[in-house]
Each structure stands twice: as structure tokens, then as C-alpha cells.
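Have it open in your viewer as you read.

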Amino acid sequence: MMWWSSYTRDKARDDGLAAVIVTVMLIPQSLAYALLAGLPPQIGLYASIFPLIGYALLGSSMTLAVGPVAVVSLMTAAAVGQVAQVGTPEYIGAAVLLALMSGLFLLALGLVRAGFIANLLSHPVISGFISASAVLIAISQLKHLFGIEASGHSLLELGADLIANLGNTNATSLLIGLGCVAFLFWSRSKLAALLVGWGVGEGNAALVTKMAPMLAVIATTLAAWAFNLGIKVVGVVPAGLPLPSIPDIDLGLARDLIGPAILISLVGFVESVSVGHTLAAKRREKINPTRELMGLGLANMASGVGGGFPVTGGFSRSVVNFDAGARTPMAGVITALLIALTALFLTPLFTFLPKAVLGATVIVAVLSLVDIGAMVHVFKYSRADFVALALTVIAVLTVGVEAGILVGIGCSILVLLAKVSKPHIAEVGQIEGTEHYRNVSRHPVICGAETVAIRFDERLHFLNAHRLEETVADLLSRPGLKHLILNCSAINDVDASGLDVLEAINARLKDADISFNLSEVKGPVMDKLTKSHLIEELHGRVFLSHHDASSSLA
């Protein structure tokens, strides 16, 4: 809470205004995401109270808004649905335990400073996972629009169930749901401009636009209350707040949930850090990955203790929080207090809220996460990354979100290993009249008749060392070769396997009476090599610069 020492009245005013705006947006989202997770709507309110306070204590972002998000809610439903029946107390208990376990895992990672795990997933894989999950979530909400029952964790399961039950469609529910979807999409693109045209200030117009989901909720709830529409509504939402308590821990249940808890933690952390970095950069601020792990860990533990389910930093509400002028995490604390007041005194107002409207709210929110442009860009730039992206999308849609994230992690690692195992190795020569050396295949260069120089553009380790050995073996067939120079300017590390290969090359060249020379070896690499016998037994020399090596051996 370093931000507290410099807290001022001006910051308090800005945080308070932002909190009101975010609360208006967060209430319908919280209710909707609870239903998406298969939980009673009030659980969504609980998950939007204590986590905000927990994150404010340890988190590093000034504007990140923590709470239920679509992807994590879907993953919660997939995980808890495997161990308990939706609508039962066991289901709620499992979701609460899942939040607690996720929090403990994130805190443990924070304690060992494991912020690097945010890099386990490449950006293309993250983009594909979120886009596919958004499509899956949107389709899962169609049941609320049609007023029918449907379930499943994949596109095939959901699609089959939806088609099988289309005959039970409630026309009124569908009309309200589609109307709400149309209104929300229209309000995003047209409402602000319309209000400005009517003389409303830009700031107020933007505020009303952000309140569009709440306006839809109010209008449709009043209509359902005033008229017997015959549609599914949220029903009675219990007023009050649960007393903070540690849930009963069933070791067998915990064992079943440990895998999903880890996956949810990873996805939530990666999404949160991505949002946090984006917003911090706009104000020239920084976020600390270790503190983010701690902040999100405490937020999820607070959610579990407070009767909620797994949470993370949400993109849409964080952007709203930022745009509304939030200055510190106190905005989140105030938001938590406002939602707590809502849970205590205003829940009767949600009784007649149509589920179709909540479904429409989720659909509009998640479809903005589908990034076709990013997929096209990745396809044009890197086919390997696109294959990883495509496999992640296919896994999410055909098997489910858990399988998708596992495939995504696996693909990210395989793409990295494939790239590292095929390093770029270039034969280099001198640009005439300079001390610069470039690839002979790309530039007109001068090469010595008795000297060959190669540059290895990667760490030298067990995955790729054999490529260097093969390259040198091919060069031995050149007539008149007396000197080989290995330009080490791009080698940042040499592991034991790499050292073995260097020693083997040195021995092979020595037998062929060809000197083996190293140039531009970086300090940390040289420190490691001097611990071995390579430098002592080197059949050649170590040169400070490649130009010195080339000139001396010419």
C-alpha cells in the first residue's frame, strides 16, 4: 500500500467518482458472470467485494479492477461441474474452495517471485484462447436469450443441446434478449455521438454510454415487474453478506480441483498482467509481476473467505475505471463498499431482472474480445505461431477451456523449442572498407581463402548444439581451409552440452590441423568457459573483436 502515503483529497474525489461509474457497470456483470459460472447471482456480488479490498492491499496496479470475468467464470463452471451438480450446496462449496486454492497458489508463486510464469503463454496463444473462449461463452448464453435449457463445455455439446431444445423457445424472452443485444451494441457505437449532438457534454455522454447495461437492466426489470411476461427472471436474491469464514476443506475435493485451480490461476494472472501493463503504460507507471501475484492471490483468498469464486483483473471494467479517472486502488475499495451496500439493501430490485438481459450483457461484453485482426496478423507474420493459435482455438471449441489452455501452453513451449532447436547460423565476411562483417548470402563481402568465419545466433545448449557441430563438419570439406572463427557475439550462454560440442569441434579441427578461434565472447560466457579445459586446450586463440581475428588470421 505504498500509494496510501501520498493519498490526497483530490485523489479521493477522483477515486470516488470512478468507483460510482464502475459499480454501475459491475453490478449487472457480477450477476451475469455468476450465472455463467453456474452459481446463484448473489455469489457474483460477494466476489466483487472482498477481492477488491484484498487486491488494494498488495497489488501494484493503480487502476486494475478485480472481480469476476467471463473466461475465469467459464473455467470455474467447467471445473466445478465435474465434481458437483449445478444448483447444489456442494457446487457452491466447490467454487468457493476453488477460489481459496487459486489464491493460495498465486500467493505461493508470489513468495518465490515466479512472475516469469506470465511468459508461459505466447501472445498469439493468449489471443486465440481468449477469442475462442469468448465465442464459447457467447454461445453458452444463447439459452438465456431463447429461454431454454442447454448445457455443455464445448461448441459441439452446446450446439447440439441448443438445437435439440429450440422447439421450447420463449418468443418474449428472445425478443427481449435480441433487443437488449442490439441496444448495447448500438449504444457502444452511436449513443455518445447522439447525445453530444443533442448538446450533452462529451464527458456526460461517455458516462451515460457506460451506464447502458444498467439502463437495459432497469428498463427490462420494470417491464417484467409491471407485466406478466412469462419469461425466466433472476428470482429472489437473498439480501445481506456472508460472514467471512474459511470453507470446509475436503481433501478429496481439493485433490480433484488442484489442476483446475492452477490453470485458472495462470489464465487469470496472464490476463491481469496484460491489462495492468497496458493501463500503466498510458500513465508512465509500472506494475510489479511479483506484487501482482501477491495481490491476485490475496484477492482470490478473500473471495473464498467471503463466499465468492475465482476472480482476476477484468479488461472492460479496468478500462472503465481508468477512463473514469481512478488514481489509486482506493477506487476499488470504494467500489467494494458500494456493492456491499447493494447486497445489503438493493437485492429485492433484481427479483424481476430477466435472465435474457444478463445473457445479452455477457454476449456483448465477450464478443468484443474476439480479435480476428490479430489472427490474420499472426497468420501473415509467423505460420508456426498461427498453428499454435489455431490449435488452441480448436481445442477450446471442441473439447473445452481447460483442454484449450493446456494445448496453448504445450504449443507455446513446442514453438519455442522448435525455434531454439533450429538456430540461425551464418557464414560471415567483411564489408569492403569497413570493420563490419555480414552474412555472405545477403551482402557482397570479402572472405579469406584460408579462413572461414561463422556466427551462431542463439544460446548454445543441448537443443541446438548439434547444429553447430553439423555446420562445422560440412565446412571441413573446403579445400585449403586453415582457420575457423566462431563469432560468439550472439551467444548469451553455453550449457554443458554446448561445451561438449565446442570441445569436440576443437579436437576434430586439431586433428585436421585447422585452428579453432573464438571472437567477441561475452563476459558471462567466458567466465563459464574458463571453468572448463576448453580455453587451455583451444587449438587457436580467443579474440576481443571479430575484426582482430579476421585480420590476424588472414
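## Overall picture

Take the contacts in the protein chain between residues at least 6 apart in sequence: 79% of them join residues at least 24 apart. Keep in mind that this is a predicted model. The chain has 554 residues, and 53% of them count as buried. Its secondary structure comes to 24 helices and eight strands.

Six of the strands make an open sheet with mixed pairing, and the order runs β4-β3-β5-β6-β7-β8. At the edges sit β4 (437-439) and β8 (542-543), each of which pairs on one side only. As a general point, strands of a sheet pair through backbone hydrogen bonds, either parallel or antiparallel. Which sense do β7 and β8 use? Strand β7 (residues 515-519) and β8 pair in the parallel sense, over two bridges. Here S519 stands opposite F543 in β8.

| Helix | Residues | Lies across | Angle |
|---|---|---|---|
| α20 | 465-475 | β3, β5, β6 | about 165° to β5 |
| α24 | 546-553 | β3, β4, β5, β6, β7, β8 | about 175° to β6 |

For finding your way around, β3 covers 424-430, β5 covers 451-457 and β6 covers 483-487.

## The largest pocket

The largest pocket has a volume of about 760 Å³. Its lining counts 29 residues, and those nearest the centre are L35, G38, V86, K143 and A150. By class, the lining splits into 14 nonpolar, 11 polar and four charged residues.

Which helices each supply at least two residues of that lining? They are α1 (9-36), α4 (70-80), α5 (89-111), α6 and α7 (142-146).

## A serine in α6

Helix α6 spans residues 123-140, and S131 is part of it. Is S131 buried or exposed? Its relative accessibility is 2%, so S131 counts as buried, the cut-off for buried being under 20%. What does S131 touch, leaving aside its neighbours within four places in sequence? S131 is in contact with L369, V370, D371 and M375.

Definitions and conventions:
Residues numbered from 1 in each chain as written. Predicted model: local features only at pLDDT ≥ 70, side-chain atom pairs only at ≥ 80, totals over all residues. Heavy atoms only, no water. Helix = DSSP H or I, 4+ residues; strand = E, 2+ residues; numbered from the N terminus. Buried < 20%, exposed > 50% of the residue type's maximum accessible area, 1.4 Å probe, protein only. Contact = heavy atoms within 4.5 Å. 1 Å grid on protein atoms, 1.4 Å probe; cavity = no way out; pocket = protein on both sides within 12 Å on 5 of 7 lines; lining within 4 Å. Points joined across faces, edges and corners; volume = space filled by probe spheres on them. Nonpolar A, V, L, I, M, F, W, Y, C, P; charged D, E, K, R; others polar. Pairing = 2+ DSSP bridges. Axes fitted to C-alpha atoms, helices over the stretch in contact; angles between N-to-C directions.
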